[in-house]
Amino acid sequence: DGSKTSRTTTMESSYVKRADNGNSAFVQTKSSYSSSSKKTGSIFEREDESASRQSSLAALERRQAEKKKELMKAQSIPKTSTSQARKAMVEKLQKEGGSSQSPAAMGTAVQRSSSFGVPNANSIKQMLLDWCRAKTRGYEHVDIQNFSSSWSDGMAFCALVHNFFPEAFDYSQLTPQNRRHNFEVAFSSAEKHAECPQLLDVEDMVRMREPDWKCVYTYIQEFYRCLVQKGLVKTKKS
């Protein structure tokens, strides 16, 4: 049964010893030794160890399955969200008769991201830039190509605000050389008529030769949001 066992062996021997003088004597010796052996465990212990190993393997497999399930769940996204996000972005930047680009063309311009097919930051940025370019088309001293150097003299800000609020100021009196005045007119007019907060500081804009594109991009996004709230930019939802 695999339990501990022991064994003891006793050996006896006898012989006749003769001395040099011819006498003999009978000698008997006795020796013993013991040995023991032990098995690693009983059959019941081996069965317990086997069951324990199987239980550990089963628990490990369960943990791996749970982790795999959580990973797949985190990486998955509902199929409807892709089309919804794409539709919302197209509606957000759809122009009220002021763009030569049709909503269908704008929809085609939206690129799918490599991961989930949601419009990425570059495509949104480009669509907003196209919207600014369309709304300022025909204004003198304005050529919007980016969100940095194209806005450095303040004329692009003034043209964008003047397009929606032509009564706010006389655009023809503005010049690219008077940068401080252009920024003040654009930001104050946007705050007064569109309730757009002045996220950009006039002194910082004057001090920088080329403004940070992230700051300009954020301000234009806020201006667009304010126009939507006032109903000056139409979307299908509005």
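Okay, let's start with S152, which sits in the loop between α4 (121–135) and α5 (155–164). Keep in mind that this is a predicted model. Buried or exposed, then, for S152? Its relative accessibility is 17%, and the cut-off for buried is under 20%, so S152 counts as buried. As for what the side chain of S152 is doing, it reaches the backbone oxygen of S149 at 2.9 Å. Leaving out residues up to four places away in sequence, S152 also touches R179, F183, R209 and P211.

Ring pairs tie F157 into a cluster with F147, W151, F183, F187, W213, Y217 and Y219. F183, you'll remember, is one of the residues S152 touches. The count of aromatic pairs comes to 13. And W213 has something else going on: K125 lies over the face of its ring, 3.8 Å from the ring centre.

W213 brings us to α8, which covers residues 213–229. What does its length look like? The helix has 17 residues and spans 24 Å from first C-alpha to last, close to the 24 Å expected. Buried residues of α8 include Y217 and Y219, plus E222 and C226. Following the helix comes G231, with a positive phi near 80 degrees.

That's my tour, thanks.

Terms used: Residues numbered from 1 in each chain as written. Predicted model: local features only at pLDDT ≥ 70, side-chain atom pairs only at ≥ 80, totals over all residues. Heavy atoms only, no water. Helix = DSSP H or I, 4+ residues; strand = E, 2+ residues; numbered from the N terminus. Buried < 20%, exposed > 50% of the residue type's maximum accessible area, 1.4 Å probe, protein only. Polar contact = N/O pair within 3.5 Å; in protein donor to acceptor, adjacent residues only side chain to side chain. Contact = heavy atoms within 4.5 Å. Phe/Tyr/Trp six-rings, centres within 6.5 Å; stacked < 30°, edge-to-face > 60°. Lys NZ or Arg CZ within 6 Å of the ring centre and 35° of its normal. Expected span 1.5 Å × (residues − 1).
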